[in-house]
Amino acid sequence: MVRINSIEVSPPLINTSCAWASELSQLEELYHSPHTGAVTTRTSTLQGYNETEAHTVVFSKSSLSSLNSYGYSPHPNAYYLDSVKTILSEVPRPTKPFIISLAASTKTEIQALVGAIQDLRADLHDRDPSSSSRIAIEFNTSCPNISNDSPPTGYVFEELRDILGALAEAYKKDETLTIGLKMPPYVYRQQFIAALDVLESFTVETEGKRKSPWAFLTATNTLGNSLMFSEDVTRLDGTTREEQFGVPTATGGLAGEAIHALSLGNVHTYTKLLRSGEYEGMRETVIIGVGGVTSYAAATRMRKAGADVVGCATLLGREGVQAFKILSTQP
Ligand SMILES: Cc1cc2nc3c(=O)[nH]c(=O)nc-3n(C[C@H](O)[C@H](O)[C@H](O)COP(=O)(O)O)c2cc1C
């Protein structure tokens, strides 16, 4: 069991936010698997995202890797709050938490999203400091497929200050609110330092103890600007594309085995930087390791690199919830 602020993740194995955690039926199946310790919803926004045929996912023929061109969920965040409420009400005394993945581009938007989540938590008596919570938040800083002219904010952390400030404010008002951040894959050390410097600046000192609003970091998201050709990929529905590229946008987010070494490196670097005490407020920030966890051996490697909790998305897409049994069973 791993405690992340007010939630308990047991076993420490979860799905990370993805297109296979998008519908109520998918979330129900994930929630009822005995091998998941928490369920993460697909990233949603206040209004929902305009999904078209350009948004899709393919799998490599040569390794267990995926390339996707999705943006955020077409469902607005309210859909996920309703789904979470429905699922929690079906279970007597539920303990398994949901991690609700959010994206927003303004402070007002994030305030509205967090406000609705806090209302739901109040409604479900989920804000009682004497018992564990079943609803946490993950702010997605790093979807590589959003077609505006700016990079994912996870690569320009300074620009996130307003939104992070609103999240930190919500935590200050209610310390039972568990907040994490989904991080992009970084490729050199200064990128980690730049992000952690901004995050550490939100640490507050109460009763002589330094406390950070950031209970967990999930690393890593997909690697953007990646390309696969049509002849090298398969689709879940078995259809083929006449066009040159595997996904209609040509480039998309790479995941699965192809990014495993990079994700392990990211988890290792966070572990070294955070556990050394260099970022005092975040010494205990939990690290959720994800990226190419497609086997029991890969999950073991992710823990060895420093992950407290291990997650997967591509394997879920390939195998369904059976993925979590595969990751839990030593062959
Ligand atoms: C089809 C697909 C959709 C995804 N959608 C999201 C998303 O909505 N939000 C998010 O934070 N990450 C999203 N991800 C990234 C995954 O959560 C994960 O970080 C990444 O795929 C690496 O893990 P993996 O190698 O196990 O797939 C998505 C990944 C895939 C493959």
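Cysteine 18 is buried in this predicted model, because its relative accessible area is 10%, below the 20% cut-off for burial. Its sulfur lies 7.8 Å from the closest cysteine sulfur, that of cysteine 312, which is too far for a bond. Cysteine 143 also counts as buried. In its case the closest cysteine sulfur belongs to cysteine 18, at 12 Å, again too far for a bond. A disulfide requires two cysteine sulfur atoms within 2.5 Å, and by this rule the count comes to 0 disulfides.

| Residue | Relative accessibility |
|---|---|
| Cysteine 18 | 10% |
| Cysteine 143 | 11% |
| Histidine 75 | 19% |

Histidine 75 is located in the loop that runs between β6 (65–68) and α2 (77–90). At 19% relative accessibility, this residue is classed as buried. Its side chain makes a polar contact of 3.0 Å with the side chain of glutamate 23. Leaving aside residues up to four places away in sequence, histidine 75 touches Ser22, Glu23, Ser44, Gly48 and Tyr80.

Helix α7 spans residues 296–304, and Ala298, Ala299 and Met302 are buried within it. Viewed down the axis of α7, the buried residues fall within an arc of 100°, so they line one face of the helix. Just after α7, glycine 306 adopts a positive phi of about 125°.

Note on methods: Residues numbered from 1 in each chain as written. Predicted model: local features only at pLDDT ≥ 70, side-chain atom pairs only at ≥ 80, totals over all residues. Heavy atoms only, no water. Buried < 20%, exposed > 50% of the residue type's maximum accessible area, 1.4 Å probe, protein only. Helix = DSSP H or I, 4+ residues; strand = E, 2+ residues; numbered from the N terminus. Arc of directions from axis to C-beta. Polar contact = N/O pair within 3.5 Å; in protein donor to acceptor, adjacent residues only side chain to side chain. Contact = heavy atoms within 4.5 Å.
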